[in-house]
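Okay, everyone, thanks for coming. Let me put the structure up and walk you through a few things in it.

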Amino acid sequence: MDNSRYYDNPFNDCLDNSTLCRPLVNEDTKQVNDDFKETLRTHTKSLVDQLMVEQKNVWTRKDDYSMYTGSAGIAYMLYHYGKCVNEPSYIDKAAELLKVCISKFRGRREITFLTGIAGPLALNAVILHTQGNVEESRNMISKLKSFSPYILEDVTLPDELLYGRAGYLFSLLFLNSNISPPPVEGELIKQVIAVIIHSGHTYSTSTTYKTPIMYAWHDSEYLGAAHGLAGILYLLLQARQYLTSSQLELEIKPALQFLQSLQYPSWNFPSSIGSRTDKLVHWCHGAPGMSMLFCLAYEIYQDDQYLNTALQCGEVVYSRGLLKKGCGICHGVAGNAYTFLSLFQQTKDVKHLDRACKFAFWCMDYGKHQMKLADRPFSLFEGIAGTIYFLIDMQNPLSAKFPGYTV
């Protein structure tokens, strides 16, 4: 372990389910209590105002229009905030930003939700649909679908979330989750899933690993949410209505068990096959992304071993998750706190909501607990926009969704 990466957790934990140690949570309603919710609202508004003062001339760096680190991610946060506070002007601002982002993207290889044009197209389609501009929304959806031949046929395309097929799959699921009736045909989703599984099977047969599907990205066999097996499995399981029982039982379940077998004695996970360095506790690599995966696996398979793994990951995050990198969601405190929201949603145990509140309390003092300024300090995944997104979600914890990862 490398304790130079995180602060010691200063908060008292509540292990006995006693209401006396839960001033932040109402145990009867299983909600954040009213006083703390108001504190969340106040700090969220303050951070939004701080971001808006900067304006878009300094929001982006090197003409980045992605969800991940560019202006589309800021648009995603503004849309989320506008819905939360019922203020259409923020949603209008999001739509304005997305229109620019879509016009600036070049090249058909940029096809994922977080790092490509698929994200701006999908979110803009949802906004246009909610605003009643159905024809233009359909135009956005058609553009997104037009990438499907490339997704299905290019054997050089990776499968991971940030740059590969899983990121395109998220875009399709996002559309169907947010527009009614669902605009993406089930057959297309099934085809994307089949290609992802086939790719994983092809790679796995070239190795000696005891898993029917495995993946590599840039010659490394990553395991985490951003680039690896966990993120791909998480997206496949979220698309379970399009999976066959054979795919669930013979492909995905053994891959989950293989992933479990790699867990460190500390309960954290390595970032890639062969790694022996137990130092990363991020959404992108390590226990936080794994916890979300195994919560979902438990929900689907009803196997206690998956919930136990998710809970173990939660202990890792609570102990080592107050990162010195700051309060971002990719590799920061806000992203780590989604571990507790996921566990709370699955178990309804307010212990996890209490922990999420404490991490939120830490994030409210934005910039104080940070050893180095983020490369893209206003962005969704590295900067203040992601922290705001998390604080918005804390106000409705049962409906919280990690952006670009949870449909």
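When I say two residues pack or touch, I mean contact, heavy atoms within 4.5 Å. Helices are DSSP runs of H or I, at least four residues, numbered from the N terminus. A word on where this comes from: it's a predicted model, so local features need pLDDT of at least 70 and side-chain atom pairs pLDDT 80 or more, while totals for chains, interfaces and linings use all residues. Residues are numbered from 1 along each chain, and side-chain values use heavy atoms, leaving out hydrogens and water.

Let's start with helix H8, residues 186-204. Its end C-alpha atoms sit 27 Å apart, which agrees with the 27 Å you'd expect for 19 residues at 1.5 Å a residue, taking the span as 1.5 Å times one less than the number of residues.

Which residues of H8 are buried? Buried is under 20% relative accessible area, exposed is over 50%, and partly exposed is in between, with a 1.4 Å probe and protein chains only. On H8 those are Leu188, Ile189, Val192, Ile193, Val195, Ile196, Ile197, Gly200 and Ser204. They pack against helices H5 (134-145), H6 (148-153), H7 (165-178), H9 (229-238) and H10 (245-261).

Leucine 256 touches Leu233, Leu237, Leu293, Phe294, Ala297, Tyr301 and Tyr306, if you skip residues up to four places away in sequence.

Now, cysteines. Calling a disulfide a pair of cysteine sulfurs within 2.5 Å, we get 0. For cysteine 84, the nearest cysteine sulfur belongs to cysteine 357, 15 Å away. Cysteine 84 is partly exposed at 30%, whereas cysteine 357 is buried at 0%.

How values were computed: Helix = DSSP H or I, 4+ residues; strand = E, 2+ residues; numbered from the N terminus.
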